[in-house]
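Biologist: I am new to reading protein models. Could you take me through one, feature by feature?

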Amino acid sequence: MLHTRIHTRVLLVAVFMTAAAFINGAKAQQEESYVGELGFTAGGAHYFGDLNTRAAIKATKAAVGIYYRKYFNDYVGARVHFRAMQLGFSDVYNTNEFERRRNLSFNTNVYELAVQGDFNFFRFEPGSDEYRFSPYLTLGASAFHFNPYAYYNNQKYFLQPMKTEGQGSSRFPDRKPYQLFSYAYLIGGGVKYNLNRRLNLGLEVLFRFAQTDYIDDVSTTYAGIDLFPTKPDGSSTLAAILQDRSTATGAPIGERGRQRGNSRDKDQFATLELTLGILFTSYRCKF
């Protein structure tokens, strides 16, 4: 009889523990997990290249974006990021005598679609008091569209159709008309802070190594004024005027073969943006 009572109590304890384990397991399976983030970015963009050889920060322009980040765990994520920005620069910002005499300038809108991998330095767990801040490294690649233009007599003119360095001419068979689509390799970093269970706030700087040297329409040497025939009335064409703007600062310098840009280095650009992310959750098991 005594054994029977003991067996009964042991059985009840076992059933209770099994039930408790099952309930706890069920709760664990339903634990809230952060799986994604829809975010918005705003900040500034800056160009570096043939017109800005000293990496001067003197022509920051607007940049905005939208992204979706997928979380794989508390340290690693990947995102798709679309940005619209403006770039531009002018030789009036330069102190070098040749560059100031060159007197070139450009502006362009850039539309970029990037794929980036984000790697947190610290464990980052939204909703946690202990793991709500982390610096991170981001790497990736992007495809972007650009179309440089310049102003003459307050009128806006796109430069690629002007073939300002003799692209596509028989004189320079190696100079093909450049494409308005290109790609870039991205590297950057930032910091992010979890405001609450639904919002992340961050600051990110991102540098691009573009694979084109014509974001600014400047790359090689002057083609020579004789490559740009005059109009029937003897006046200069827009292409002839825009390929050499040095006449505004003195005698023209655009003789054939004289350096206009530096084709050995591709153009680059960077962004500095504030980020605001809206978090998405699921009730799947956490990693």
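Biologist: Is Ser-246 buried or exposed?

Modeller: Start with the cut-offs: buried means under 20% relative accessible area, exposed over 50%, and partly exposed in between, with a 1.4 Å probe and protein chains only. Ser-246 has a relative accessible area of 0%, so Ser-246 is buried. One caution about the source. This is a predicted model, where local features need pLDDT of at least 70, side-chain atom pairs count only at pLDDT 80 or more, and totals for chains, interfaces and linings use all residues. Residues are numbered from 1 along each chain as its sequence is written, and side-chain values use heavy atoms, leaving out hydrogens and water.

Biologist: Where is Ser-246 found, and which residues does Ser-246 touch?

Modeller: Ser-246 sits in the loop between helix H3 (238–243) and strand E10 (268–282). Helices (H or I, at least four residues) and strands (E, at least two) are DSSP runs, numbered from the N terminus. A contact means heavy atoms within 4.5 Å. Leaving aside residues up to four places away in sequence, Ser-246 touches Arg-101, Arg-102, Asn-103, Ala-251, Pro-252, Ile-253 and Gly-254.

Biologist: How many helices and strands does the protein chain have?

Modeller: Three helices and 10 strands. Their order along the sequence is α-β-β-β-α-β-β-β-β-β-β-α-β. Of the 287 residues in the protein chain, 43% are buried. Now take contacts with a separation of 6 or more: 74% of them involve residues 24 or more positions apart.

Biologist: Next, salt bridges. How many are there by the rule?

Modeller: The rule asks for a side-chain nitrogen of Lys or Arg within 4 Å of a carboxyl oxygen of Asp or Glu. By this rule the count is 14. Take Arg-83 and Glu-112, whose closest N and O atoms are 3.5 Å apart. Arg-83 lies in strand E3 and Glu-112 in strand E4, so the pair ties together parts that are 29 residues apart in sequence. Arg-83 counts as buried at 0% relative accessibility. Glu-112 is buried too, at 0%.

Biologist: Which residue meets Asp-91 in a salt bridge?

Modeller: Arg-102, at 2.9 Å from N to O. Asp-91 is in the loop between E3 and H2, while Arg-102 is in helix H2, 11 residues apart. Asp-91 is buried at 1% relative accessibility, and Arg-102 is buried at 2%.

Biologist: What about Asp-129 and Arg-132: how is each one classed?

Modeller: Their side chains form a salt bridge at 3.3 Å, N to O. Asp-129 is exposed, because its relative accessible area is 69%. Arg-132 has 19%, so Arg-132 is buried. Shared partners also matter: salt bridges join Glu-37, Arg-69, Arg-79, Arg-83, Glu-112, Asp-118, Glu-204, Arg-208 and Glu-273 into one network.

Biologist: And pockets? What does the probe show?

Modeller: Rolling a probe the size of a water molecule over the atoms shows where empty space is left. On a 1 Å grid over the protein atoms alone, a pocket is an open set of points where a 1.4 Å probe fits, with protein on both sides within 12 Å along at least five of seven lines; lining residues have an atom within 4 Å of a point. Grid points are joined across faces, edges and corners, and a volume is the space filled by probe spheres set on the points. Here the largest pocket has a volume of about 310 Å³. Its lining has 20 residues, and the closest to its centre are Gly-49, Asp-50, Asn-52, Thr-53 and Asp-265.
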